[in-house]
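Please look through the notes below with the model open beside you. Each numbered point takes up one topic.

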Amino acid sequence: MSAKPDNLPLGPLLGHWKASEATLVKYQRLTEAFAACIRAGDYRPGGRLPNETEICAALPVGLSTVQKALAQMVEEGLVVRRRKLGSFIAEASNQVPEVHIYRFRDPATGEEMMPYTRVLRVSRVQTETYGKLLAEFDAEEVIRIDRLVWVEGERPAFSAFYLPVEYHKGMPDEKTETLHGASYHRILWETYGVRIAHVRHAASAELLSGMACEHLDLAAPHVGMLWDAHEFNRDNRLQIVQRFELPRGHRPMELAERKSVL
């Protein structure tokens, strides 16, 4: 019978706890400390977490705080629990809690169709110019990334993607093709530890923007479908806004919120 693996050391966790934001609720602070250990490479995939009583003894937290933090990490895909063995750092593919907020399906098979994206332009814009769409950003300026989104053999939709200016520093060079097909959720997690907890959707039939009509080769004015997604972290702070513009007759887009299951 094989021996159980040793627990991960508490030293890195204690160090990141001390460096974390003291104003956070304790279970959130503990979750952030664990996430920092993972990002820094102190805790590798497959490593077994210290048990709950060991964590309580090392940090100024109670058992309920530890249990709540572990439950949060399981929900976010950072940790997996194995019956009778303990809690383990999830494999790398599961450490990216990307929220798939849109998808296309094959009408014949029902299988998801992987979309392609092509970046058209990256620019800075004033939030006040966009009214309610960007009003919840706590900033005067944000980065706007214009893209085309499509599945093979189909015409594209137009997408505008907005995120805080400070996050753009971790993006690939906007002048290269490395932005095409990039997962911004993955980049934000790996570079800044930003995880999306929930998404608010709104959809309506509206006139498409002039830029959308230009890039989709549509005669303006054109009434299509506008779909807005506001993405928040678990502190309910807005992190990303996406606006999709779909022309009439476009393949239906499925709107959903879920973490990847790999």
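1. Start with a charge over a ring. Arginine 29 lies over the face of tryptophan 17, at 4.2 Å from the ring centre. The rule here is that NZ of Lys or CZ of Arg is within 6 Å of the ring centre and within 35 degrees of the ring normal. A word on the source: this is a predicted model, where local features need pLDDT of at least 70, side-chain atom pairs count only at pLDDT 80 or more, and totals for chains, interfaces and linings use all residues. Residues are numbered from 1 along each chain as its sequence is written, and side-chain values use heavy atoms, with hydrogens and water left out.

2. Next, the aromatic pairs. The structure holds 3 of them. Rings of Phe, Tyr and Trp (its six-membered ring) pair if their centres lie within 6.5 Å; planes under 30 degrees apart are stacked, over 60 edge-to-face, and the rest tilted. One of the pairs is tyrosine 130 with tyrosine 162: the centres are 5.4 Å apart and the planes stand at 65°, so the pair is edge-to-face. This pair links distant parts of the chain, 32 residues apart. Tyrosine 130 is in the loop between strand E5 (116–126) and strand E6 (141–150), while tyrosine 162 is in strand E7 (residues 157–164). Helices (H or I, at least four residues) and strands (E, at least two) are DSSP runs, numbered from the N terminus.

3. How exposed are these two tyrosines? Tyrosine 130 is partly exposed, because its relative accessibility is 25%. Tyrosine 162 has 2%, so it counts as buried. The cut-offs: buried is under 20% relative accessible area, exposed is over 50%, and partly exposed is in between (1.4 Å probe, protein chains only).

4. Another pair is stacked. Tryptophan 227 and phenylalanine 244 sit 5.0 Å centre to centre, with 25° between the planes. Tryptophan 227 lies in strand E9 (residues 223–232) and phenylalanine 244 in strand E10, so the pair ties together parts that are 17 residues apart in sequence. Both residues, tryptophan 227 and phenylalanine 244, are buried.

5. Which residues does the side chain of glutamine 242 contact? Glutamine 242 is in strand E10 (residues 238–246). Its side chain makes a polar contact of 3.3 Å with that of arginine 147, and one of 3.0 Å with that of glutamate 231. A polar contact is a pair of N or O atoms within 3.5 Å; within protein, one must be able to donate a hydrogen and the other to accept it, and residues adjacent in sequence count only if both atoms are side-chain atoms. Glutamine 242 has 2% relative accessibility, so it is buried.

6. Aspartate 228 belongs to strand E9. Its relative accessible area is 12%, so it is buried too. A polar contact of 2.6 Å joins its side chain to that of arginine 243.

7. Now check the backbone. Most residues other than glycine have a negative phi, and most peptide bonds are trans. Aspartate 217 has a positive phi, near 55°, and is not a glycine. Aspartate 217 is in the loop between H6 and E9, and it is exposed, because its relative accessibility is 72%. Asparagine 236, in the loop between E9 and E10, also has a positive phi, of about 65°. A cis peptide bond joins alanine 220 and proline 221, with omega about 0°. Proline 221 is in the loop between helix H6 (210–215) and E9.

8. Leucine 216 is in the loop between H6 and E9. It has a relative accessible area of 12%, so it is buried. Leucine 216 and arginine 155 are 61 residues apart in sequence, yet 8.2 Å apart in space, C-alpha to C-alpha.

9. Proline 50 lies in the loop between helix H2 (26–40) and helix H3 (52–58). It is buried, because its relative accessible area is 5%. Proline 50 and proline 9 are 41 residues apart in sequence and 7.2 Å apart in space, C-alpha to C-alpha.
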